[in-house]
Amino acid sequence: MSEENKPIEETSATPQGDAAPQEPGKYNAANIQVLEGMEAVRKRPAMYIGDTGERGYHHLVYEVVDNSIDEALAGYCTLIDVQINPDGSLSVTDNGRGIPVDMHPTQHRPAIEVVLTILHAGGKFDGSNYKVSGGLHGVGVSCVNALSDWMKVEVKRGGKVHHIEFSRGHVTKPLEVVGECGDETGTKVTFFPDHSIFSCHAFKWEILCNRLRELAFLNKGVKIHFKDNEGEGHHEETFHYEGGIDQFTEYLNTNKKPLTPVIHFEGEAQGVTGTVQAEVSMQYTDTYSTIEQTYCNNIHTIEGGTHLSGFRAALTRTINKYGRAMKNGIKEKDNVTGDDMREGLTVIVSVKVPQPQFEGQTKTKLGNGEVQGIVDSIVSEKLMTFFEENPAVAEVVVNKILLAFRAREAARAAREKTRKGVMDGLSLPGKLKDCSERDASKTELFLAATAPRRPSCRCAAR
């Protein structure tokens, strides 16, 4: 085995000078380990990709595909091809600008090698090439490289086809020119996850299909082709939606009865780090469940964040304001809640933020404070305008909310009645009954104790 292909070993700081040697139970300088570069990723992969199970295994694909999507956001990519190969590896190809292959001015090696082998290296920090991006930390594709048994990258750029290979984060075959490509540009990344790290050992069609469809909805006009060449019964599908998130809303509401048309509005405002764009698509159905899906720079923020809280606040306030002004609408005494407002609602909130602040590398929650106010303002203004221009639809929404409110109140009253009924069934003695006064200072409880009866003895006299 060559030096380049040897498995990465942990390194630790060695004692210097008069440092004492390690002893059982002893804690000194020799116990301090230094993990550099790819070693840290391989030692603690869950910190970077969530876990080493099924979720983390597929997260590797998302990191590579998100780079292609960022090229689409920048206006340079229109086609993304994802293929599961017969050997279990996966390839992602796009027609973007291609990863730079010229020499890095300070690292003195090809830029593509820097991007794929050094953490926190990338072209998305200064905002000059990517106004908005999901890649913030420069650790995405380099983590994929570190956690892959092998990775091959092909770049079409400058009229030539460039090729480089890696194993577990280290170069095994230096960058070389392997052909001509004319005016074509793009990047192809093929990788095989390291099965010594992951408990999941195969890509699943359904999981990847859902994410790729989602990305096609969020980026209208971008075509994503997905094919599974592994095993029997090969699957193939192309995702391409000109209707964007409105078609996404309709897709989520398949097999549901819509009560309103799809309501769409968008806007932008100046944030702390640049212009923040917000797009919302919503529709009420006759169901009782709520679907809220939020995205920031195409990243699915499954735990929500400031964009979701901004939408919720605006929805509750706007409907309350409009509903209370309606004849036979929401009354002052009606304690309508946010949950009532969202019953039967399917909504997609997508924002584009120049410098998003996510909680962790897996980016499950958005934390930018200014986004809440921006989304709140846009939704409040646009939704009120829509209601005023479409009073029939607004009436349907308010009636749906009132129905949810009354159902909740009826359920609460039924629970209260059931509770009282249970207490009544205890057959309290005398004039005692269940107390209905909530002020403890006005209530008293008297306990009357009687002496225990002396047990009788019927023993026979001797």
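The axis of a helix is a line fitted to its C-alpha atoms over the stretch in contact, and the angle between two helices is taken between their N-to-C directions. With that term in place, this briefing describes a predicted model. In this model, helix α8 (residues 306-325) packs against helix α10 (residues 369-389) at an angle of about 30°, and their axes are 7 Å apart.

**Helix packing**

- The crossing that α8 makes with α10 is right-handed.
- Sorted by class, the contact of α8 with α10 contains 12 nonpolar residues, eight polar residues and four charged residues.

- Strand β13 covers residues 345-352, and eight of its eight residues are buried.
- On one side of β13 lie Leu 345, Val 347, Val 349 and Val 351, all of them buried.
- Strand β10 (residues 275-284) pairs with β13 in the antiparallel sense over eight bridges.
- Within β13, Thr 346 has Gln 283 standing opposite.
- Strand β11 pairs with β13 in the parallel sense, over six bridges.
- Ile 348 of β13 has Gln 293 standing opposite.

**Aromatic rings**

- A search of the whole structure finds 11 aromatic pairs.
- One of these pairs joins Phe 248 and Tyr 295, whose ring centres are 6.3 Å apart and whose planes stand at 45°, so the pair is tilted.
- The reason for that label is that planes under 30 degrees apart count as stacked, those over 60 count as edge-to-face, and the rest count as tilted.
- Phe 248 belongs to helix α7 (residues 245-252) and Tyr 295 to strand β11 (residues 291-296), so the pair ties together parts that are 47 residues apart in sequence.
- Both Phe 248 and Tyr 295 are buried.
- Phe 248 and Tyr 295 also belong to a cluster linked by ring pairs, together with Phe 217, Tyr 241 and Tyr 251.

**Charges over rings**

- Lys 152 places its charged end over the ring of Trp 150, at 5.1 Å from the ring centre.
- Arg 211 places its charged end over the ring of Tyr 62, at 6.0 Å from the ring centre.

Methods. Residues numbered from 1 in each chain as written. Predicted model: local features only at pLDDT ≥ 70, side-chain atom pairs only at ≥ 80, totals over all residues. Heavy atoms only, no water. Axes fitted to C-alpha atoms, helices over the stretch in contact; angles between N-to-C directions. Helix = DSSP H or I, 4+ residues; strand = E, 2+ residues; numbered from the N terminus. Left-handed = near helix turned anticlockwise from the far one by under 90°. Nonpolar A, V, L, I, M, F, W, Y, C, P; charged D, E, K, R; others polar. Phe/Tyr/Trp six-rings, centres within 6.5 Å; stacked < 30°, edge-to-face > 60°. Buried < 20%, exposed > 50% of the residue type's maximum accessible area, 1.4 Å probe, protein only. Lys NZ or Arg CZ within 6 Å of the ring centre and 35° of its normal. Pairing = 2+ DSSP bridges.
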